[in-house]
Amino acid sequence: MLKDIDSFGSGIGQKFVKKEDLEKEFKKGYLLQPKLKFKSEIQCYFIGNKLMYVYEYTPSKYPNYPKPKLITLNEKDKKLAEQFADISNLKVGFQRIDFLKLENDELILLEIEDNSPHMNLEKLDIALRKNVLNEYKRNIYQFLNK
């Protein structure tokens, strides 16, 4: 699949291309997303570069988007996610770093998002949601007071 680099993770500008047509179809400003077999999608939610919570989405055979499961990353995967948060250098606000969990349980980067408007807050339990919102306020006020 070819994706417009400015598509912000949406389906806009996506184009499915056969392998033999790839060289002809690929243009500047596009990313190549290969078709991979994977177990699930892991979405890591950060405020600045602080990991707040992680959801796992397991693909569904139904037409509805799968329901997420709140998970805890192992140390290796947490370090990987934090490395990408550091590289992205977003110090203020929310960001989401998504991975595919391959069939061998390894994570590979899918995308880094800073435009996901709701960050799945409504799915969090009340205590975690309150903690996340307090951290968000602290992060924003710290930036505004510089």
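Which residues form a nonpolar patch on the surface? I find Tyr-141, Phe-143 and Leu-144, with about 350 Å² of accessible area together. I took patches as residues with over 30% relative accessible area and no salt bridge, nonpolar side chains (Val, Leu, Ile, Met, Phe, Trp, Tyr) being joined within 5 Å and like charges within 9 Å. Areas are Shrake-Rupley with a 1.4 Å probe, and for residues only the protein chains shown count as cover.

The model is predicted: local features need pLDDT of at least 70, side-chain atom pairs count only at pLDDT 80 or more, and totals for chains, interfaces and linings use all residues. Residues are numbered from 1 along each chain as its sequence is written, and side-chain values use heavy atoms, with hydrogens and water left out.

Next I looked at helix α3. Leu-144 lies in α3 (residues 126–144); helices here are DSSP runs (H or I, at least four residues), strands likewise (E, at least two), numbered from the N terminus. Leu-144 is exposed at 56% relative accessible area (buried is under 20%, exposed over 50%, partly exposed in between). In α3 I list Leu-128, Val-132, Glu-135 and Asn-139 as buried. They cover an arc of only 65 degrees around the axis, which puts them on the same side of α3; the arc is taken from the directions from the helix axis to the C-beta atoms.

Last, I checked salt bridges (side-chain nitrogen of Lys or Arg within 4 Å of a carboxyl oxygen of Asp or Glu). Glu-135 meets Lys-50 at 3.5 Å, N to O. This pair links helix α3 with strand β4, 85 residues apart. Glu-135 counts as buried at 9% relative accessibility, while Lys-50 is partly exposed at 43%.

Conventions
Buried < 20%, exposed > 50% of the residue type's maximum accessible area, 1.4 Å probe, protein only.
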